[in-house]
Amino acid sequence: MQAELIDIRNHLIQHAPFDDMPEELINELTASIEISYVRAGTQITETGQISTHLYYVRSGAVEIFRRSGELYNRIGEGAIFGQFGLLMRGQVRFPARALEDSLLYRVSADVFLNLFESDENFADFVEIEDRSRLRSAVSRREKSNTLMTSRVSRLISRKTVSAPTTVRLQEAARIMTDNSVSALLLMDGEGDNERLRGIITDRDLRIRAVTEALPSETPISDIMTEGLITIRASSYIFEAMLTMLHNNVHHLPVMDGHEVRGMIALADIVRYESQSSLYLVSNIYHQQNVKGLKKISNDVRDSFVRMVNEDANSHMIGSAMAGIGRSFTQRLLELGEEELGPPPVPYCFMALGSMARDEQLVVTDQDNAMILSDNFVPEEHDAYFLALAKFVSDGLAECGYTYCTGDIMATNPKWRQPLKVWRNYFTDWIENPKADALLNSNIFFDLDGIYGRTEFAEELKALVADKASNSQLFLTLMARNALNRTPPLGFFRTFVLEEDGKHQKTFNLKRRGTAPLSDLLRIHALACGSQAQNSFERLKSIGKTKLIMEDDLSNLRDALEFISIVRIRHQALTLEAGGEPDNNVRPEDLSPFERSHLKDAFQVVSNAQKFLRFRYNSQATRHV
């Protein structure tokens, strides 16, 4: 077999449905492949055309549409499309367009039908609608695990390609070309002392080397990226996906201690991740104006619904949605700086609340603030930062993130201050916990620096963790405040419902369920000196200190997951029905399973609040 055909075959057998195809069939298929290269934006198939080929994405990304023009899916390396029209022996059912420059393999209708008749696994795969495919594959093949149970290490398909940091620019490019890789790991030391130092990607070569016309003998260390985001080989694939979303990176070195086990790329995860949230994030950064961002913001709800329908857990959904929200914010900040010019002094843009906790859903508003350098001079600099804050806030509103009714936004001058002012804010709230200070603590102590000098936000996290853990009075009054929101469970385990207003005969799953849990976990985490923001991560931090027994921690984890996922499903079902999602549910709309287990979950919250009251009540020395 020719080298080119071997390369095609080796790529096909890495991806379903070709990974367990009989050798004779895969060889026949390989010999029949037609290769096609399409530029980004090219229409590949159109509604009304006669279906003539099955398409396989070798590299790049493709958008699939419904005949109405509505976006249906985004797919990447290793995915197929065009099968439904061929199965019907008729016209194209789902038109396709290249999202990125893409290399495609084309399989003729005759070859496709022969595979369909000859290989039962292939037939099963192409007949199943993509929303159900992952679930069907899990039940059919033990090796096809979900994102939640598959380890990152199983995505490593080739030997690590690396070079010493002393290599020159031209040699680094040659190594990447010879090994057909888009990223090169750069190492220091030798043998047991070898350590990962940096990375260089195709994009780095284009932007930092070719564009700048650097000499071929330039040391690669001059343009490499240091301070790498990495992931452990024992981590789950969904954790890798969330890491890419959170940090907007396309390559992750996989580590086993100090040893590099391999590297995974965006395309490796996309073939598992049919929700396409990673491609949505990538598309956000390709937009050149607010109009473009607004246009693709409709995809956020589609991505949310797809994740729900594919049984992702609440942590994965919340983190993915928060990653998408961060990306909109970051891109707006980039566009704002392009329009207004570079900032006069360094700054950090902070996300607050559910985005900072990685617990964002589709019903959300803006909660953000700015930390400015201590060199900030209001008379000289504030006009710029007000204009930037307004650009971002208005842009977010255009993209579906409504203005905060409490004015917790960087457009409010109170929340657009130098780092030294923020230090004073946080210190005063903890040392003088009046009613407004406690309210602000609930809002601002869930924080995440998402753009600019993010170390400013890290400094505030450290300050809070240190001071709050050493102030029993502050924690006691925070606990007392947290007990004002109780789960909707009556004495006889009946649901307590709203009695009037437009939400009559409902209960609010956020206000009466996830919010009380978030509040009490925040307090326990602060008591432990933890800087964790996400509620599940706070549970881990609390567990390390033995503040709460392991059985009780497990109950809290289960309660948080169940209440969250019922809330998530409620919103997804409302969206699919064409309604506007909210957090208010009627008991009769829940299944018997959900009603029964919600009562159990609410009871766990109630018991946890009793423990909170017991732990801190005796330490109260005065009232607010």
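**A tour by selection**

Select leucine 372: proline 418, in β17, stands opposite. This is a predicted model, where local features need pLDDT of at least 70, side-chain atom pairs count only at pLDDT 80 or more, and totals for chains, interfaces and linings use all residues. Residues are numbered from 1 along each chain as its sequence is written, and side-chain values use heavy atoms, with hydrogens and water left out.

Now show strand β16, residues 368–372. Three bridges join β16 to β17, and the two run parallel. Strands are DSSP E runs of at least two residues, helices H or I runs of at least four, numbered from the N terminus. Strands pair if DSSP finds at least two bridges between them.

Widen to the open sheet of four strands. Its order is β17-β16-β15-β18, with mixed pairing. At the edges lie β17 (416–418) and β18 (447–452), each pairing on one side only.

Next, select helices α2 (residues 23–32) and α4 (residues 109–118). Their axes come within 11 Å and cross at roughly 170°. Axes are lines fitted to C-alpha atoms, for helices over the stretch in contact, and angles run from 0 to 180 degrees between N-to-C directions. The pair is therefore roughly antiparallel (over 145 degrees). Show the contact (heavy atoms within 4.5 Å): Leu25, Glu28, Leu29 and Ser32 of α2 meet Val111, Asn114, Leu115 and Ser118 of α4.

Last stop: helix α9, residues 237–247. Eight of its 11 residues are buried, so α9 is largely enclosed by the rest of the structure. Buried means under 20% relative accessible area, with a 1.4 Å probe and protein chains only. Among the buried residues are Phe238, Met241 and Leu245. Just after α9, asparagine 248 takes a positive phi of about 50°.

Conventions. Angles under 35 degrees count as roughly parallel, over 145 as roughly antiparallel, 65 to 115 as roughly perpendicular and the rest as oblique. Buried means under 20% relative accessible area, exposed over 50%, partly exposed in between (1.4 Å probe, protein chains only).
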